[in-house]
Amino acid sequence: MSGPIIVGVDGSPTARRAAEKARELATKLNAPLHVVSAYADDRTEVVNSGSDQWVVSDADNARYIAEKVSESLKAPGVEILPRSVHGKPADALIGYAEKIDADVIVVGNQRMRGVRRVLGSVANSVSHNATCDVYIANTYAD
């Protein structure tokens with residue numbers, strides 16, 4: 001068994017494609033997959049609807065995204081663990097990877113083409129700063 005694999009998700013279709021690549025990698029390596037959604041702020045909002053009241057936070061939303069993606073990735077023989085982590089996406093992924101001694105961080109290549117690649121992206125930041133291996137998945141639609 002290999003060490004943990006981490007994939008960052010934010011609910012977008014491109015993050016979903018990166019998560020599917022991460023699941024394939026975890027399956028082949030017999031490694032646990034941590035599905036991580038980051039939240040930068042820890043805002044909390046109270047929502048009222050009639051006599052019902054809900055308290056919604058950024059952390060809850062990140063956890064919800066990680067759980068929904070994890071549920072959709074379920075496959076026989078793969079341990080999939082949803083996680084929400086405080087921080088900017090790249091920093092959260094790198095910090096969490098160090099915390100659990102991950103072998104690989106999987107990120108999508110969104111915003112790595114053209115002028116936008118110069119301005120930065122999560123994949124660019126993670127690939128330059130992570131202390132573990134980084135797999136950049138092709139997430140552009142065919």
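1. Let me start with Thr 139, which counts as buried because its relative accessibility is 0% (buried is under 20% relative accessible area, exposed over 50% and partly exposed in between, with a 1.4 Å probe and protein chains only). Thr 139 sits in the segment after strand β7. Leaving aside residues up to four places away in sequence, Thr 139 touches Thr 14, Arg 17, Ala 18, Gly 108, Asn 109 and Gln 110; contact here means heavy atoms within 4.5 Å.

2. A word on the basis of all this: the model is predicted, local features need pLDDT of at least 70, side-chain atom pairs count only at pLDDT 80 or more, and totals for chains, interfaces and linings use all residues. Residues are numbered from 1 along each chain as its sequence is written, and side-chain values use heavy atoms, with hydrogens and water left out.

3. Now to strand β1, residues 5-8 (helices, H or I of at least four residues, and strands, E of at least two, are DSSP runs numbered from the N terminus). In a regular strand the side chains alternate between the two faces of the sheet. Here both faces are covered: Ile 5 and Val 7 are buried on one side, Ile 6 and Gly 8 on the other.

4. β1 has a parallel neighbour in strand β2 (residues 33-39), joined to it by 4 bridges; strands pair if DSSP finds at least two bridges between them. Ile 6 has His 34 as its bridge partner in β2. Between β1 and β2 the chain passes through helix α1 (residues 13-29), and this β-α-β crossover is right-handed, that is, clockwise from the first strand over the helix to the second with the strands pointing away from the viewer.

5. Because 4 of its 5 residues are buried, β6 is largely enclosed by the rest of the structure. β6 pairs with β7 (residues 133-137) too, again in parallel, over 5 bridges, with Ile 105 opposite Val 134.

6. Finally, helix α2 (residues 58-73): its buried residues are Asp 58, Ala 59, Ala 62, Ile 65, Ala 66, Val 69, Ser 70 and Leu 73. Viewed down the axis, these fall within an arc of 130°, so they line one face of α2 (the arc is that of the directions from the helix axis to the C-beta atoms).
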